[in-house]
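Here is a short report for a reader meeting this structure for the first time. Look over the sequence and the model, then read on.

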Amino acid sequence: MIQKVSPTFSSLITNQNKKNSKPQMTSSQKSYMDSFVKNAKDTAPILLGLTALWSVLDYGNQKITMPQSLMKNLAFFFAPVLIVSSAIIAGIENKKPSKNSKE
C-alpha cells in the first residue's frame, strides 16, 4: 500500500532542490565566459565569410549541391573553428600572471 509522505520529509526535499538549482559562478568563470562570447561575436562574421567562400569552391569542384556543401562546411569547419579559437583566445586573455612576473 502507498503511504502518505510526511510534510517534513517533503519540505526537506524541496529545500534541497532550491539550494542546488542555481549553481554559483566565480568571477574568473564569468570573466572567461564574457571573453569567450566577445571573441566569438568578433570572429563569427569573418569565419562565416570564409565558410561561404569554401562552400562555393567545394560546389564548383565536387558534385554536390550548394546546400549540402554549405551544411557540411558549417558543421565541420565553422562551428569547430569558432568554438576552439574563441576558447583559446579567452583562455589567453584570462590567464593569471605567474608569481615571477613583474606585473
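## Salt bridges

A salt bridge here means a side-chain nitrogen of Lys or Arg within 4 Å of a carboxyl oxygen of Asp or Glu. The model is predicted. A search of the whole structure turns up two salt bridges.

One of them joins the side chains of Glu-93 and Lys-38, with 3.7 Å from N to O. Glu-93 belongs to helix H3 and Lys-38 to helix H2, so this pair ties together parts that are 55 residues apart in sequence.

## How H2 and H3 pack

Helix H2 covers residues 27–61, and helix H3 covers residues 66–93. How do their axes meet? They come within 7 Å and cross at roughly 150°. Angles over 145 degrees count as roughly antiparallel, and so H2 is roughly antiparallel to H3. The crossing of H2 and H3 is right-handed.

Which kinds of residue make up the contact of H2 with H3? There are 21 nonpolar residues, 10 polar and four charged.

Technical notes:
Residues numbered from 1 in each chain as written. Predicted model: local features only at pLDDT ≥ 70, side-chain atom pairs only at ≥ 80, totals over all residues. Heavy atoms only, no water. Axes fitted to C-alpha atoms, helices over the stretch in contact; angles between N-to-C directions. Helix = DSSP H or I, 4+ residues; strand = E, 2+ residues; numbered from the N terminus. Parallel < 35°, antiparallel > 145°, perpendicular 65-115°, else oblique. Left-handed = near helix turned anticlockwise from the far one by under 90°. Nonpolar A, V, L, I, M, F, W, Y, C, P; charged D, E, K, R; others polar.
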